[in-house]
Structure formats: C-alpha cells, structure tokens
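Please consult the sequence and the structure alongside the text.

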Amino acid sequence: MIQADVRMPTQEGVIAAAASVAAILPPTPLLPVKIRGVRAWVKAETLQPIGSFKIRGAWWRLSNLTEEERRAGVVAVSSGNHAQGVAWSARRLGIRAAIVMPHDAPQVKLANTKALGAEVVLYQRPGEDRDAVAARLIEERGGSLVHAFGDPWVIEGQGSAAIEIAAQLGHAPSRIVACCGGGGLTAGLALGAPGSAVHPVEPVGWDMVGQAIAKGELVHAAPDAPKTICDALQPNVTKPLNLGLLRGRAEPGVTVTDDEVRAAQRFAFAELRLVVEPGGAAALAAALAGKVPVDADTVIMLTGGNADPAAYAATIAGPIASGA
C-alpha cells in the first residue's frame, strides 16, 4: 500500500522534468535498427554524460531539493549508474553526496562515481541490507535519501525520455521496450507516454517487477536467485509506488537470459557501433529474441553503457546475434 503522505508522480511532472533536462543536456539519439526484417528504433541513453539514463531522474530529484535540503546533502544507494547520476548532478549543483554501493560493483562504476566527487560507502552483497546502511548514514549525518527507483521525482525524471522520444519521432511510439530493475524507468515511461505500450524486461530470476505486476503485490527475490551479468537490474523488490503506477498499465513482463543479453551487446556493437553494458542491453535482447512485438514505431531503450572492459571484450569476441 502506498503511504498517504507520499507525493505521487504525474504526467505534468514528467513534462516539467523533460524541460529541466533539456535545459542542460542535448537529446540522446534515436537510431534506426532492423530486427527480423522490421525497422524499429533504439534510444541511445548510453551516450548520456554518465553513460546512463539515470542522469535524468537524479537531476530532477536534486533540482527539486529545498535550499535547506541542499545544504544537508544527499545519500543514494546504487550498483553504479544511479550513483553516477547523483554524483554528476550533485557536483553541478554544489551538493554533498554519499553513495552506498555493493562491494562487487563493476570497478568502472566505482571509479567513475568517485571521480565525480561523491563519497562511496561500500556494503557486502549478499549479506548486508543496503537500505539499512543508507538509513544509518542519514541518521548519523543528516541529508535526503535519493532512491534509485522509488522516488517520485526520480520516476518523473526517468519518464522525460518518453517526452524526448515523442518529439524525435513526431508522434508517440506504439510501444517502448525498457530494461527494468526496480521499475523507476518503466513507471516514468508509462506516465510520459500514456498511449504507448510499455514492456518491462528483466533478467531471468530477477523479474520482481514482472511478477509483482502479474500478482498485484510485491514479490521479493528468492534467496537462491540465479546469478546474472545484469548487475544494474538486481533489486530485491520493487516499491508500492512503482507497482501502483504500473499495475493495469504496463504490459506483462518478460525475462532474458545472460546468453541473450550477450548476443544483444554484440549486436549493438556490430550494427550500431555502441557499447552497451549487460543491464542496458536487456530490452534489445528481448526484441532480438522475439519476446516482445516490434513494429515501425517501436522504441527500444539502451539504458547504460558502463561496461566492464575485460568482460565486454570477452563478450564481443563471440558470434554476432542474428536479428538484422
């Protein structure tokens, strides 16, 4: 159940967020791609300054802090991309930021977050509760929590991509296929593109959003959930806010395997000349595998490009996906 005092994100908020993002960032390209003989589109959020769409929600959230909240600083929890979005926005706005990150986060994400000036506080995954670590920091130091997907301003900021897509296409897309972790992007897109089908795509065994939509209630990851190369798409559970926005609105969730994700990474490299991290390639993986419909007005989100160099090199050395 959503708490009564929680601010609800709105389509108007998404539109305002899009204007705020457009004032500081150029639109990311909408590129044509052919999948099973059909020309569709990919939205290259990999080309954002931090290599991820997460800059949108972080910017909108921090931009809406009061002066008192800005002075107190912010705390965020992230495996890497939200961390970089918060760090980038905090540096631009002159706000102190501490980011709680898993000890096994990709080194490129840890290094980039530190380089942007944020303090990184590591926790053990599995074993420690990252939200509890963040709550302890806030209790000790003060500051505002900037949640990666359950914050209304973050959701609106992520939805700004839908406003941008419609402007680039000249009309609303028929459907948007989105990589899905906690459901912040998917919920934002549902608000920003109310007439478009929105398809959440998650790793096998980590489809907490898809299962929650199907059951109408929160679903937690199993203790023995399988390993996945999609480090950015591993929340243990979505939030009531996200489920409330998606229930009755999003299409049924689909899952992709690590092999399908790797094939999508190779396809993006060969066909689009884009570097896409595993979690950022999940939506493309679903489209290439025929798990979601694709037509001429379909937009596939490429959500992150912060790939570990060694793992990425090993991936692209494999066979190219057959989707063109």
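**An enclosed helix and the packing around it**

Helix α8 (residues 184-192) is largely enclosed by the rest of the structure, because nine of its nine residues are buried. Buried here means under 20% relative accessible area, whereas exposed means over 50% and partly exposed lies in between (1.4 Å probe, protein chains only). Helices (H or I, at least four residues) and strands (E, at least two) are DSSP runs, numbered from the N terminus. The model is a predicted one, in which local features need pLDDT of at least 70 and side-chain atom pairs count only at pLDDT 80 or more, while totals for chains, interfaces and linings use all residues. Residues are numbered from 1 along each chain as its sequence is written, and side-chain values use heavy atoms, with hydrogens and water left out.

The buried residues of α8 are G184, L185, T186, A187, G188, L189, A190, L191 and G192. Their cover includes the helices α1 (11-22), α7 (152-169) and α10 (240-246), together with the strands β7 (175-179), β8 (197-203) and β10 (298-302).

Helix α7 also holds E164, which is buried at a relative accessible area of 13%. Apart from neighbours within four places in sequence, E164 is in contact (heavy atoms within 4.5 Å) with P27, T28, K43, E45 and R56. Another buried residue is T46, with a relative accessible area of 9%; its place is in the loop between β2 (38-44) and α2. Again leaving aside neighbours within four places in sequence, T46 contacts G51, L274, V275, V276, L302, G304 and G305.

The nonpolar cores come next. Such a core is a set of buried Ala, Val, Leu, Ile, Met, Phe, Trp, Tyr and Cys residues joined through side-chain atoms within 4.5 Å. In the largest one, which has 31 residues, L284 and I300 touch the most other members. Two or more residues of this core come from each of β1 (30-35), β2, β7, β9 (254-256), α11, α12 (282-288) and β10, and α12 gives the most, with seven residues. Beyond its neighbours within four places in sequence, I300 is in contact with I35, W41, V42, K43, V177, A283, L284 and A287. A second, separate core consists of 27 residues, among them A87, W88, I95 and L116.

W88 leads on to the aromatic side chains. The structure holds two aromatic pairs. Rings of Phe, Tyr and Trp (its six-membered ring) pair if their centres lie within 6.5 Å; planes under 30 degrees apart count as stacked, over 60 as edge-to-face and the rest as tilted. The pair of W59 and W88 is edge-to-face because the planes stand at 65 degrees, with the ring centres 6.3 Å apart. Since W59 lies in helix α2 (residues 54-63) and W88 in helix α4 (residues 81-93), this pair ties together parts that are 29 residues apart in sequence. W59 counts as buried at 8% relative accessibility, and W88 counts as buried at 12%.

The pair of F269 and Y312 is likewise edge-to-face, at 6.4 Å centre to centre and 75 degrees between the planes. F269 belongs to helix α11 (residues 258-272) and Y312 to helix α13 (residues 309-316), so parts 43 residues apart in sequence are tied together. Here Y312 is buried at 9% relative accessibility, whereas F269 is partly exposed at 38%.

A charge sits over a ring if NZ of Lys or CZ of Arg is within 6 Å of the ring centre and within 35 degrees of the ring normal. R7 lies over the face of W153 at 4.4 Å from the ring centre, and the charged end of R61 sits over the ring of W153, 3.8 Å from its centre.
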